[in-house]
Amino acid sequence: MLLDLAGRRRVLFFGGKGGVGKTSVASAVGLAAARSGRKVLLVSTDPAHNLGHLWQQTIGPEVVALADDLDGVEIDPDATTDEHLSAVRETLYSVMPEHLRGEVDRYLKLSRQSPGTHEAATLERIAGVLQMGLLTYDLIVFDTAPSGHTSRLMALPEIMASWMEGLLRNRQKSEKFGAAVRGLTRDTNRSRLVDDTPHDPLVERDLRIRRTLIGRREKFERLRDTLGDGELTSFVIVLAAERLPVLESLELHEHLRAAGVHVGELVVNRRSPSDAGEFLAQRRELEDQFLEMLTGKLPGIPVTELPLLPGELVGAEAVGRFADMLD
Ligand SMILES: Nc1ncnc2c1ncn2[C@@H]1O[C@H](COP(=O)(O)OP(=O)(O)O)[C@@H](O)[C@H]1O
Ligand SMILES: [Mg+2]
């Protein structure tokens, strides 16, 4: 079922509570898709990166090969935040009068610490990875951070696009104002002919700023379109059949639905065996109840169950065996 979904999409997100198996399942699905002949990119957006640990390989902001037809990359939150803030600085410098640059710098220093900045930065990187990745890869698999963070992330492209829209509108107003002021000074200076040449530095600066703003707005609009296109993108919720993960998954589903993101599969990981002693059999019965609660609340979303493994899930071979269980 899960492989069906992966086979019919170009972008998959894996989300859920911390420790439920997002990284393991996302890796297994990525590997299975690569084995089926698709070129796959696995992207970790979780600040607590464990993709590298799972694959026993150093993975960083540069793409590395994990297996045949499977590459991996980790979005580094701090570097991403720095890049994002300098893009924002450039944008704000361009729309604010020059004497307020000190204010802009102070604001940016504060926003580095404020909630939402990491998400906005991560989002900017996701947009970049998608834009480039979709040209090269058949499937992009995102291993995301725990639920709260990710559901906010999914609603953000809309907010960012309208923020850029607002800046553009302000820009338009100040351009008109600037043009009027320049018109006045031109008249008094009688230098109309010179100022009207296409090399007017102010006109060129305005054009450059406008292009930057439009470029960033389009980036977020494209991201919003990609996330909202259920034929292209789907979200997989990973959970354990326990009370809190089930409740959190219902909440995550609700946020995703509100953000217009297609939820294609529920992966119930670490299912206890029924034939390995009374203790685990009892646990399995309890899990069955939580699973029933989940499917009762979310009818119509396919469910994939994965067993609790006896050993540690680490290394390419272990991921391979986990991927075999998806068939
Ligand atoms: N089905 C499973 N059986 C046993 N251990 C598992 C299973 N799935 C994941 N694990 C282990 O649980 C831990 C958390 O898994 P991970 O994929 O890193 O979760 P997340 O990315 O959601 O935080 C890891 O040590 C992993 O090896
Ligand atoms: Mg993880």
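**Exercise 1. The magnesium site**

Is Asn50 buried, partly exposed or exposed, and what is its relative accessible area? Work this out together with the donors of the magnesium ion (ligand 2).

*Solution.* The structure is a predicted model, in which local features need pLDDT of at least 70 and side-chain atom pairs count only at pLDDT 80 or more, while totals for chains, interfaces and linings use all residues. Residues are numbered from 1 along each chain as its sequence is written, chains are lettered from A and ligands numbered from 1 in the order in which they are written, and side-chain values use heavy atoms, with hydrogens and water left out.

Step 1. Begin with the scale: buried means under 20% relative accessible area, exposed means over 50%, and partly exposed lies in between, with a 1.4 Å probe and protein chains only. Asn50 has a relative accessible area of 31%, so Asn50 is partly exposed.

Step 2. Next, identify the donors, which are N, O and S atoms within 2.8 Å of the metal (3.2 Å for Na, K and Ca); water is not among the atoms, so sites may look incomplete. The magnesium ion (ligand 2) is coordinated by OG1 of Thr23 and OD1 of Asn50, at 2.1 to 2.5 Å.

Step 3. Thr23 belongs to helix 2 (residues 22-35), whereas Asn50 sits in the loop between strand 2 (40-44) and helix 3 (51-55), and the two are 27 residues apart. Thr23 is buried, because its relative accessible area is 9%.

**Exercise 2. The sheet and its edges**

In what order do the eight strands form the open sheet, and which strands stand at its edges?

*Solution.* Step 1. Two strands pair if DSSP finds at least two bridges between them. On that basis the eight strands form an open sheet in the order 3-4-2-5-1-6-7-8, with mixed pairing.

Step 1. Strand 3 and strand 8 (303-307) are at the edges, each with a single partner strand, so one side of each is left without a neighbour in the sheet. From one strand to the next, the twist averages 25 degrees.

Step 2. Inspect individual pairs. Strand 3 (residues 64-67) and strand 4 (residues 70-74) run antiparallel and are joined by three bridges, with Ala67 opposite Leu70. Their hairpin has two residues between the strands, and Asp69 takes a positive phi near 65 degrees there. By contrast, strand 1 (residues 11-15) and strand 5 (residues 139-143) run parallel, joined by four bridges, and Val11 has Ile140 as its bridge partner.

**Exercise 3. The surroundings of strand 2**

With which strands does strand 2 pair in the parallel sense, and how many of its residues are buried?

*Solution.* Step 1. Strand 2 pairs in the parallel sense with strand 4 over five bridges, where Leu41 is partnered by Asp71. Strand 2 also pairs in the parallel sense with strand 5 over five bridges, where Ser44 is partnered by Asp143.

Step 1. Five of the five residues of strand 2 are buried. Val40, Leu42 and Ser44 lie on one side and Leu41 and Val43 on the other, and both faces are covered.

**Exercise 4. Two crossing helices**

At roughly what angle do the axes of helix 4 and helix 6 cross, and which residues meet?

*Solution.* Step 1. Axes are lines fitted to C-alpha atoms, for helices over the stretch in contact, and angles run from 0 to 180 degrees between N-to-C directions. The axes of helix 4 (residues 77-95) and helix 6 (residues 117-136) come within 8 Å and cross at roughly 85 degrees.

Step 1. Angles under 35 degrees count as roughly parallel, over 145 as roughly antiparallel, 65 to 115 as roughly perpendicular and the rest as oblique. Helix 4 is therefore roughly perpendicular to helix 6.

Step 2. Contact means heavy atoms within 4.5 Å. Among the residues that meet are Pro77, His84 and Leu85 in helix 4 and His118, Glu124 and Arg125 in helix 6.

**Exercise 5. A buried histidine**

Where is His253 placed, and which residues is it in contact with, leaving aside its neighbours within four places in sequence?

*Solution.* His253 is in helix 10 (residues 243-258). His253 is buried, because its relative accessible area is 14%. With neighbours within four places in sequence left aside, His253 is in contact with Ile237, Val263, Leu298 and Ile301.
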